[in-house]
Amino acid sequence: MIILKILGVILGIILLLLIICIIRTLLLTSKSTYYEGSKDEKRIDEYAHKLQKMIQVETVSYRDKPNPDKFRKLHKLMEELYPNVFKTCEKIDIDGNLLVKWSGKNQNLDPIILISHLDVVPAEGKWTYPPFSGEIVDGKIYGRGAGDIKCNVACFYQAAEELIKEGYTPECDVYLGSSCTEEIGGDGAPKIVDWFKQKNIKLFMLNDEGGAITQDPVVGVKGNFAAVGIFEKGYGDLKLTAKSNGGHSSTPPKNTPIARLAKMEADIENHNPFKVEFSPAVEQMFEQLAPYCTNFWLKLVMHNLWLLKPIVKKIIPSISREAAAMLQTTICFTMQKGSNGYNVIPQEAYVTANLRYIPHQGDKESNDVIRNIAKKYDVEVEEVRVNGPSKSLNLDGEAYKLTCEAIKKVFPGVGIMPYVVTGGTDSRFYDPVCDSCVRFGPINLTDQQMNSMHAIDENINTDTLPQAVDYYKEIIKLQENRRA
């Protein structure tokens, strides 16, 4: 009888909580978004042709063949495209990495920096238009770097060019920074950061690539959203090696190196070894997306994480891989090698794994998790390359608020959501000199355009460029609202 009473109380509490969730969801006002590209054909044409010329300067970066001179060729072109910037500002060439200083009125205010890289990845495969032509067709500009990420560089230089032409002087010093090694994880951005360290300069905020204006970010959520990256996951490459005495494949023993590696890989893939946790960024992302949900029950879940978070942790991998990656360290096995003969048991076989570390379980703890699993299969783990996750942007801080204000002014119809950057950017190197790194490129991208990055037929819409220029202008002008 007592057990029945206890069960009745528990069921009553569950029912009450469910009713509260339903009421809260019913009271949540539904919202919709809209995005419309620029109609200013003169600006569209001018900006697109400047970007076209920048794409035509091939700036592929290679880890084993550094070539600063090819980037200096692009610098020279940019001096022609943005003459006011280079007449007014101080140009600093750091081994082909470009830094420009635009002096402001108030030297008591910490400066800001707008960055995006000049290098691109190789353009392999069969393209519809030559990858370094910058072909403009049907309102789209094609070419390697069109979206990743010469468009951002062109737009913040254009913003500075126009403001200088108008006679504008920024409130604080404004830097424009572009490395030539981002795509290879090289030392370009660290060299720029070292320059700031040597000058003892602390930056108020940084604006880099990372997020963009995207469509339908999660299943069941419709609309156009400015995804503002507030931190990026860390990066790691591990080599996992299994050894044996080798031998002839006609008399195979159990647990050969490849078999042990396969068991280990299956174990890790079938039993997620990493902690799944909601960061403040992801919680706020879900909360801000809730009003845009087209499904009532999904809206209920997103709006009531205070109660339903444990359930969401379980079901989110089936809803969205992208969302799931924001909650945990991820691992992906990428390369494998055994013996060189069909009939030879390898004395040594290895598999490589790429990890993206989440702040709540950083590189050391995540790698230890893999080591402990590998140990069960007599597999050795070697760290090839490891970078920890970045610091997080403060969602209550001034830099995030200024970013949101600029987005609302330029893109009044889009929603805004904080976002976890699962890839890598140059921003991570700036943590020692900047506490507020905003990862947002003001370019509207379709799913196809997102997927074309690092692939064939990379392209963006040309009518997205004027608003991107206006966004950077707002970021610069909004510094006037800051207090020293």
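How many nonpolar, polar and charged residues does the lining of the second largest pocket have? By class, this lining has seven nonpolar, five polar and six charged residues, where Ala, Val, Leu, Ile, Met, Phe, Trp, Tyr, Cys and Pro count as nonpolar, Asp, Glu, Lys and Arg as charged, and the others, Gly among them, as polar. The model is a predicted one, in which local features need pLDDT of at least 70 and side-chain atom pairs count only at pLDDT 80 or more, whereas totals for chains, interfaces and linings use all residues. Residues are numbered from 1 along each chain as its sequence is written, and side-chain values use heavy atoms, with hydrogens and water left out.

The second largest pocket has a volume of about 230 Å³. A pocket is an open set of points on a 1 Å grid over the protein atoms alone, with protein on both sides within 12 Å along at least five of seven lines, while a cavity is a set of points where a 1.4 Å probe fits but cannot get out; lining residues have an atom within 4 Å of a point. Grid points are joined across faces, edges and corners, and a volume is the space filled by probe spheres set on the points. This pocket is lined by 18 residues, of which Pro66, Asn67, Thr181, Ile184 and Asp187 are the closest to its centre. Helix α3 (residues 68-81) gives the most to the lining, with three residues. Helices (H or I, at least four residues) and strands (E, at least two) are DSSP runs, numbered from the N terminus.

Two cavities of 30 Å³ or more are present in the structure. The largest cavity holds about 50 Å³ of space, and its lining consists of Tyr47, Lys50, Leu51, Tyr82, Ala154, Cys155, Gln158, Leu465 and Val469. Two or more of these residues come from each of α2 (41-55), α5 (150-165) and α15 (465-477). Seven residues of the lining of the largest cavity are nonpolar, one is polar and one is charged. About 30 Å³ of space lies in the second largest cavity, which is lined by Ile115, Ser116, His117, Gly177, Ser178, Ser179, Ile192, Asp426 and Tyr430. The classes in this second lining are three nonpolar, five polar and one charged.

Strand β6 (residues 174-178) is largely enclosed by the rest of the structure, because five of its five residues are buried. Buried means under 20% relative accessible area, exposed over 50%, and partly exposed in between (1.4 Å probe, protein chains only). On one side of β6 lie Val174, Leu176 and Ser178, on the other Tyr175 and Gly177, and both faces are covered. Two strands pair if DSSP finds at least two bridges between them. Strand β2 (residues 97-102) runs antiparallel to β6 and is joined to β6 by five bridges; within this pair, Lys101 stands opposite Tyr175. Strand β3 (residues 112-115) pairs with β6 in the parallel sense over four bridges, and Leu114 has Leu176 as its bridge partner in β6.

A three-stranded open sheet has the order β4-β5-β17, with antiparallel pairing. Strands β4 (136-137) and β17 (459-461) stand at the edges with a single partner strand each, so one side of each is left without a neighbour in the sheet. Three bridges connect β5 (residues 140-142) with β17 in the antiparallel sense, and Ile141 has Ile460 as its bridge partner in β17.

Helix α12 (residues 363-376) has 14 residues and reaches 21 Å from its first C-alpha to its last, close to the 20 Å expected at 1.5 Å a residue; the expected span is 1.5 Å times one less than the number of residues. The buried residues of α12 are Ser366, Asn367, Val369, Ile370, Ile373 and Ala374. Seen down the helix axis, these buried residues fall within an arc of 150°, so they line one face of α12; the arc is that of the directions from the helix axis to the C-beta atoms. The face turned away from the buried side carries the exposed residues Lys364, Asn372, Lys375 and Lys376.

Two further residues were examined individually. Leu17 is found in helix α1 (residues 2-27) and counts as partly exposed at 26% relative accessibility. Asn387 belongs to strand β14 (residues 379-387) and is partly exposed, with a relative accessible area of 25%. The C-alpha atoms of Asn387 and Arg356 are separated by 9.1 Å, with the two residues 31 residues apart along the chain.
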